[in-house]
Amino acid sequence: MHLLNEIYHLYYDGFKSMKIGKKLWLLIAIKLFILFVIVKWIFFPNILKTKFDTDAQRSTYILEQLTKNKE
Amino acid sequence: MEHATELIDWSRAQFALTALYHWLFVPLTLGLTFIIAIMETIYVKTGDVWWKKTTQFWMTILAINFAIGLATGIIMEFEFGTNWSNYSWIVGDIFGAPLAIEGLMAFFMESTFFAVMFFGWDKVSKKMHLTSTWLVAIGSNLSALWILVANGWMQHPVGMTFNPDTARNEMHDFAAVFFNPNAVSKFLHTISSGYVLASVFVIGISAWYLIKRREVRFAKRSIIVAASFGLITSLFMLTSGDESAFEVAQNQPMKLAAMEGLYRGEERAGIIAIGLLDKEKELGDEKEPFLFSLEIPNALSFLGYHSLNAFVPGIHDLVYGNEKHHIMSISDKMQEGKLAVSALTAYKTYKKEGKEAKAKEALKDFRAHEKYMGYGYLKKPEDAVPNVALTFYSFHTMVGLGTWFLILFILVLYFAMINEIEKKRWLLYAALWSIPLAYVAQECGWIVAEVGRQPWAIQDLLPVGMAASNVASSSVMITFWLFAVLFTGLLIAEVKIMLTQIKNGPEAH
């Protein structure tokens with residue numbers, strides 16, 4: 001319990017007394033929001049996951065791609 | 001799956017942009033963590049609070065770089081899923097394990113000890129704090145290990161088997177993947193180059209203080225630590241670079257030939273120290289590849305094959321074959337590749353029809369030719385040649401700058417030790433202007449590694465044209481510009497925040 005308390009205070013006091021760190025955390029938060037909410041969600045769907053429901057379908061699709069010029 | 005050139009070019013450009021921007025942040029973290037750990041060790045050993053202040057200042061610079069660079073690499077994973085979905089699927093099992101380990105290691109090791117390093121100065125004992133700082137340095141470098149293992153596999157795929165039922169490469173030998181000589185040499189060369197960059201960075205910033213005649217004691221101390229670290233790691237980088245070149249010669253001879261602009265193979269081949277390529281030179285013609293060049297005799301034979309007399313194949317030999325030296329032509333490899341693709345097609349058809357015996361025969365046939373499978377997708381032999389000029393100039397810029405940094409470390413260390421560094425204004429300016437050059441060298445290194453291995457996404461097995469997804473090139477183009485704006489914004493933010501901290505100086509801590 002004492003150890004947990006120490007760990008809690010390490011983070012709590014550390015964040016509280018930050019100077020430049022606050023600006024950096026804000027920047028990190030904005031960046032992660034842009035990356036994961038806007039960029040990933042709007043522009044970067046996982047093509048194979050959105051197109052197909054199962055791994056078997058994905059395998060079939062890729063095999064078709066690898067061999068289609070030969071059929 | 002032969003996509004339009006425009007789509008492939010945009011997909012490649014976007015990945016290159018993301019990777020190059022991401023790499024602006026990584027090497028400083030790799031090296032600066034160790035420099036900080038060394039400084040803190042001196043503080044703990046001597047008890048001199050000046051060293052504590054020095055350590056804390058560079059820690060703040062590290063924090064800025066870390067915060068701005070954080071998660072810039074994740075975009076590459078988005079791109080794998082969207083722009084390179086075929087590739088992602090085919091390599092999934094190889095990439096999954098190393099990247100999962102990297103994620104776990106980065107999260108638990110770095111983030112836990114990062115907190116102690118930044119918040120724990122007066123909360124934990126000196127020794128505990130020092131241990132955390134060293135663990136942050138080791139953890140950051142180990143994170144890089146896993147992604148470089150994955151990259152090494154793409155350059156020299158080992159320890160896997162292609163499963164024709166799932167169309168995936170499945171790992172059967174983790175040790176072979178992990179100890180892949182290409183991955184080992186790539187990791188050592190990459191991290192040591194990060195140490196060199198961080199050393200140049202610390203020396204350059206310290207030189208600025210000396211130019212401004214402020215923070216003199218702090219700057220001199222930082223210079224001695226960084227120059228010593230830089231000198232040792234530069235020598236290590238030289239040996240790891242030699243090992244990398246040896247590996248390239250064994251597994252990617254086309255890349256080595258492009259790095260040296262070597263069109264016709266020769267015994268006792270030399271390294272071009274300085275050279276200007278003739279733009280008019282084309283594969284197969286008799287023109288000299290260089291308008292002018294200075295060569296170090298026998299050096300390429302030694303670098304590539306550890307023998308002064310060894311034959312080094314040129315681009316012409318590798319494309320059209322060389323019977324005397326038992327080099328197979330690309331045409332023959334394309335034939336083998338087409339047989340592999342045909343056998344895979346037959347296997348798929350027989351499996352669908354339930355003809356197991358015939359499927360087994362087709363699979364045997366596929367295994368006999370699969371080594372060259374990727375060549376089956378090339379349209380003409382010349383497609384196997386990377387951009388020679390870009391590879392050549394990038395390689396020579398990297399080597400030239402690496403040599404300059406070694407000289408810089410020696411000069412700076414010498415004048416700092418005899419306490420005359422402040423008087424050498426030319427050297428201080430040279431050190432300051434070497435900071436951007438260190439970044440240029442880093443990016444050139446990656447251009448050599450990645451452009452030099454084109455057209456392959458996976459060496460010999462999957463060309464980039466087959467690796468790309470079938471998406472609209474306009475959407476890739478839009479996200480290219482989106483990233484260009486986003487990353488440039490982040491870079492401006494980093495430089496601005498960092499410059500403010502540097503101007504404030506260590507006394508502000």
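## Basis of the model

Residues are numbered from 1 along each chain as its sequence is written, and chains are lettered from A in the order in which they are written. In this predicted model, local features need pLDDT of at least 70 and side-chain atom pairs count only at pLDDT 80 or more, while totals for chains, interfaces and linings use all residues, and side-chain values use heavy atoms, with hydrogens and water left out.

## Helix H1 of chain B

Helix H1 of chain B covers residues 5-46, 42 residues in number, and its first and last C-alpha atoms lie 62 Å apart, close to the expected 62 Å; that expectation is 1.5 Å times one less than the number of residues. Helices (H or I, at least four residues) and strands (E, at least two) are DSSP runs, numbered from the N terminus.

H1(B) has a kink of about 30 degrees at Trp23(B), shortly before Pro27(B), the bend being the angle between axes fitted to the seven residues ending at a residue and the seven starting there. Just after this helix, Gly47(B) adopts a positive phi of about 75 degrees.

## Interface between the chains

Contact, defined as heavy atoms within 4.5 Å, joins 55 residues of chain B to 39 residues of chain A. The two chains bury about 3900 Å² between them, 76% of it on carbon and sulfur atoms; buried area is the accessible area (1.4 Å probe) that two parts lose on being put together, summed over both. On the chain B side, Phe78(B), Trp89(B) and Phe119(B) lose the most area to chain A, and together they account for 18% of what that side buries.

## The second largest pocket

On a 1 Å grid over the protein atoms alone, a pocket is an open set of points with protein on both sides within 12 Å along at least five of seven lines, whereas a cavity is a set where a 1.4 Å probe fits but cannot get out; lining residues have an atom within 4 Å of a point. Points are joined across faces, edges and corners, and a volume is the space filled by probe spheres set on them.

The second largest pocket holds about 1000 Å³ of space. Its lining has 44 residues, and His189(B), Gly241(B), Phe395(B), Met398(B) and Val399(B) lie nearest its centre. H14(B) gives the most to this lining, with 10 residues.

## The largest cavity

One cavity of 30 Å³ or more is found in the whole structure, and the largest cavity has a volume of about 30 Å³. Residues of both chains line it, including Lys51(A), Tyr61(A), Asn86(B) and Ser469(B); H3(A) supplies the largest share, three residues.

## Two loops of chain B

The peptide bond from Gln454(B) to Pro455(B) is cis, with omega near 15 degrees, and Pro455(B) lies in the loop between H15 and strand S7 (456-458). Ala167(B), in the loop between strands S1 (160-163) and S2 (168-171), has a positive phi near 65 degrees although this residue is not glycine.
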